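The stops below go from one selection to the next.

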Amino acid sequence: MFNHFDHMASIYDRLIPSPDFSKWRDLLRLPTEGSLLDAGGGTGRVSHHFRKWTGQVVVCDLSLPMLKKAKAKAGIRPLRTDVAGLPFRNETFDRVVVVDALHHFDHQERTLKELVRVLKKGGRIVIEEPDINRFPVKAAALVERLVLMGSKFHSPAAIRHMLRLAGVCAEIQPAPLFSAWIVADK
Ligand SMILES: C[S@@+](CC[C@H](N)C(=O)[O-])C[C@H]1O[C@@H](n2cnc3c(N)ncnc32)[C@H](O)[C@@H]1O
């Protein structure tokens, strides 16, 4: 099946502006000696910056070309897997992040349950997702539909509800570029 990200991997890191890493450091309550899972982490564009503040960074993704780019970044452990069924024991990770990827996952509720399952007690999950309530995101969602990306956007409140069903209580914060952070502690 055609995977858009396989074809974008070589230029992906140059397509998207770098985030504010000091903000991310606060959001994720870093540093930690434990490990961090980047679900749908692609090239490791964001999470390779967390390496210096964590024991280990694991990037899980379905796209091999994206993961190849992640592998080239120092200190990243890339793993090809569907995030709806993770090959990790319960409570493996101290932190879990999902950046701009949830709307690309086929099984979002199941995936959020998986992410909460592999998060340690006392750990934190942060999801950054374009806010579909905002007009520019609605326009981007239309473009993604036209190019058959199969994206399924949910509002920040709906994501918070899915996290609630997965067993954690989340709060919503505004994020740059018409996005939202949905943050929960286990
Ligand atoms: C828009 S990219 C975001 C990549 C990265 N989080 C970032 O912000 O740079 C979405 C990623 O989700 C991955 N993806 C989509 N469905 C997935 C699934 N079911 N399991 C794992 N990765 C998936 C894609 O291959 C792609 O690399």
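Select Phe 178. In this predicted model, Phe 178 has 16 other C-beta atoms within 10 Å. Burial takes 20 or more such atoms and exposure 12 or fewer, so Phe 178 counts as partly exposed. Check its backbone too: phi of Phe 178 is near 60°, a positive value in a residue other than glycine. Phe 178 sits in the loop between E6 and E7.

Now select Leu 177. Leu 177 is in the loop between strand E6 (169–175) and strand E7 (179–185). Its phi is positive as well, about 55°, although Leu 177 is not a glycine. Is Leu 177 buried or partly exposed? It has 14 other C-beta atoms within 10 Å, so Leu 177 is partly exposed.

Go next to Leu 30 and Pro 31. The peptide bond from Leu 30 to Pro 31 is cis, and its omega is near 10°. Pro 31 belongs to the loop between helix H3 (21–27) and strand E1 (35–39).

Now the helices. Two packed helices are described by the angle between their axes and the distance between the axes. Select residues 108–118 for helix H5 and residues 156–166 for helix H7. Their axes come within 9 Å and cross at roughly 55°. H5 and H7 are therefore oblique to each other. Their crossing is right-handed.

Show the side chains at this contact. From H5, pick Gln 108, Glu 109, Leu 112, Lys 113 and Val 116. They meet Met 162, Leu 163, Leu 165 and Ala 166 of H7. The residues of this contact divide into six nonpolar, one polar and two charged.

Stay on H5 and colour its buried residues. Which residues of H5 are buried? They are Thr 111, Leu 112, Glu 114, Leu 115, Val 116 and Val 118. An α-helix has 3.6 residues a turn, so residues three or four places apart point the same way. Next, show what lies over the buried residues of H5. The cover includes E1, strand E4 (93–99), strand E5 (119–130) and H7.

Finish at the ligand. Select the 20 residues around the ligand. Which of them come nearest? Those are Gly 40, Gly 42, Arg 45, Ser 63 and Val 99. Colour the shell by residue class: the residues around the ligand divide into ten nonpolar, five polar and five charged.

Definitions and conventions. Residues are numbered from 1 along each chain as its sequence is written. This is a predicted model: local features need pLDDT of at least 70, side-chain atom pairs count only at pLDDT 80 or more; totals for chains, interfaces and linings use all residues. A residue is near a molecule or strand if its C-beta atom, placed from the backbone, lies within 6 Å of it. Ala, Val, Leu, Ile, Met, Phe, Trp, Tyr, Cys and Pro count as nonpolar, Asp, Glu, Lys and Arg as charged, and the others, Gly among them, as polar. Helices (H or I, at least four residues) and strands (E, at least two) are DSSP runs, numbered from the N terminus. Axes are lines fitted to C-alpha atoms, for helices over the stretch in contact, and angles run from 0 to 180 degrees between N-to-C directions. Angles under 35 degrees count as roughly parallel, over 145 as roughly antiparallel, 65 to 115 as roughly perpendicular and the rest as oblique. A crossing is left-handed if the near helix is turned anticlockwise from the far one by less than a right angle, and right-handed if clockwise. Two residues are in contact if their C-beta atoms, placed from the backbone, lie within 7 Å.
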